[in-house]
Amino acid sequence: MEEKKNNANAAEEAANRAAQGEGETLSEESEAFAGFDDAAERAKEQSERDALSERDKALPPDPDAILEVRHLKKYFTLKKSLSGKPLSTLKAVDDVSFKIYPGETLGIVGESGCGKTTMGRTILKLYQPTAGQIFFEGADIAGYKSVQMRPLRTKMQIVFQDPYSSLPPRSTVGGILAEAVRVHKIVPPAQIKEYVLSVMDKCGLRDYYYERYPHEFSGGQRQRICIARALIVNPNFVVCDEPVSALDVSIQAQIINLLKKLQQERGLTYLFISHDLSVVKYISDKIGVMYLGSMVEYGDKEKIFGNPMHPYTEALFSAVPNPNPDEKTDRIILSGDIPSPADPPMGCKFHTRCPKAMEICSHIAPAYKEYEKGHFVACHCYPQED
Ligand SMILES: Nc1ncnc2c1ncn2[C@@H]1O[C@H](COP(=O)(O)OP(=O)(O)OP(=O)(O)O)[C@@H](O)[C@H]1O
Ligand code: SF4
Ligand SMILES: [Mg+2]
């Protein structure tokens, strides 16, 4: 148990260093923990990437989107034969496509294990994608090596869920923040302290915290330090992976409001991952609903909350308490356990739990289609033809 925790902390620290541009990709750094990424796996990844439809590959990226993800896949090899052939593969992210425009927040929701974190980390290239395209500011970074990613590390940052394990314990707050500024040469050396103090102030951190160590702070204050560390290199895109779920409810609101304020001041774009639908509803412009590695519904917040089309989205949202006692919402209880992403059901992956499942659902996967402008759904309840 202790060993597993240490491994997880080591992986989190490696992810941090990689996100700060101080290490290689997470897959390369923590190979032993992640358990994938050998030559055979890479060859398979390459051939899957090559197999992407030429039509989709050839399409130019949307010039207005800051991030466009097409057919993104991240598979982990769980078991290999003696010759290195993958025997068992876990499809953590399985053919996901979406766009985010500058200044927007895309909220990602879905049950535990549906692939939210893996998707966020793969987009940042902390994991090497198995297949797909990741256009960041118009350039496809899916195949970029660590060295090509280094200049982009200042533009793409991440705030992790656990503010306890994601800060190095032996550095002061000033030291942690100044290091990122120094590595990326954000300001001349003589101006580093002044610059760090100005960013701390923006994140609600007092001047005298500069000399203090992470263990001297509460969870909320530590998360402010993590946010300051992400923003100090002037990113324009930030993945927020459950940034408030480890905090008390009263502190959650402060951190969410801080993220919103900083977004308005700096024109930031967020990919905001959360279990908490109320938080996602508050902060997001668009919502993506994931189930077993796939995006089952995506669109504007108003459309997704006002007119959820996918049976899984309906069930997920029916569990949110309605603050209006006069409006009765019937809770949809899903039967059965979430299937393993190592052995997902054939056809629609949700058919084993779907209250609306039909015969076709168990053997043919529904197409992911746009049913109203910007509102995508994957379900046989809606027309499948073009
Ligand atoms: N390094 C890894 N090696 C093998 N499997 C992994 C690895 N990282 C994640 N997984 C698996 O991939 C799937 C998706 O995990 P992920 O952490 O992305 O889910 P999540 O939606 O973020 O869950 P949660 O809400 O609990 O954080 C899970 O089945 C998980 O066990
Ligand atoms: S495709 Fe079928 S099983 Fe899947 S969500 Fe739609 S109705 Fe349910
Ligand atoms: Mg997660």
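These legends walk through a few close-up views of a predicted model.

**View 1. The whole protein, before we zoom in.** Welcome to the overall fold: the protein has 386 residues, and 41% of them count as buried. Its secondary structure comes to 14 helices and 12 strands. Take the contacts between residues at least 6 apart in sequence: 64% of these join residues at least 24 apart.

**View 2. The shell around ligand 1.** Here we move in on ligand 1, which has 15 residues around it. The ones that come nearest are Ala 92, Ser 112, Lys 116, Thr 117 and Thr 118. Sorted by class, the shell holds six nonpolar residues, eight polar residues and one charged residue. Which elements each supply at least two residues of this shell? They are strand E2, covering 86-100, and helix H6, covering 116-123. H6 gives the largest share, with three residues.

View 3. As a reminder, strands of a sheet pair through backbone hydrogen bonds, either parallel or antiparallel.

View 4. Strand E1 takes in residues 67-80 and pairs with E2 in the antiparallel sense over 11 bridges. Together E1 and E2 form a hairpin, with five residues between them. Look in the turn for Gly 84, which has a positive phi of about 90°.

**View 5. Strand E1 and its partner E4.** Turning to E4, we find a strand made of residues 131-136 that pairs with E1 in the antiparallel sense over five bridges. A handy landmark here is Lys 73, whose bridge partner in E4 is Ala 131. Why is E1 described as largely enclosed by the rest of the structure? Of its 14 residues, 11 are buried, so the rest of the structure largely encloses this strand.

Key. Residues numbered from 1 in each chain as written. Chains lettered and ligands numbered in written order. Predicted model: local features only at pLDDT ≥ 70, side-chain atom pairs only at ≥ 80, totals over all residues. Near = placed C-beta within 6 Å. Helix = DSSP H or I, 4+ residues; strand = E, 2+ residues; numbered from the N terminus. Nonpolar A, V, L, I, M, F, W, Y, C, P; charged D, E, K, R; others polar. Pairing = 2+ DSSP bridges. Buried ≥ 20, exposed ≤ 12 C-beta atoms within 10 Å, placed from the backbone. Contact = placed C-beta atoms within 7 Å.
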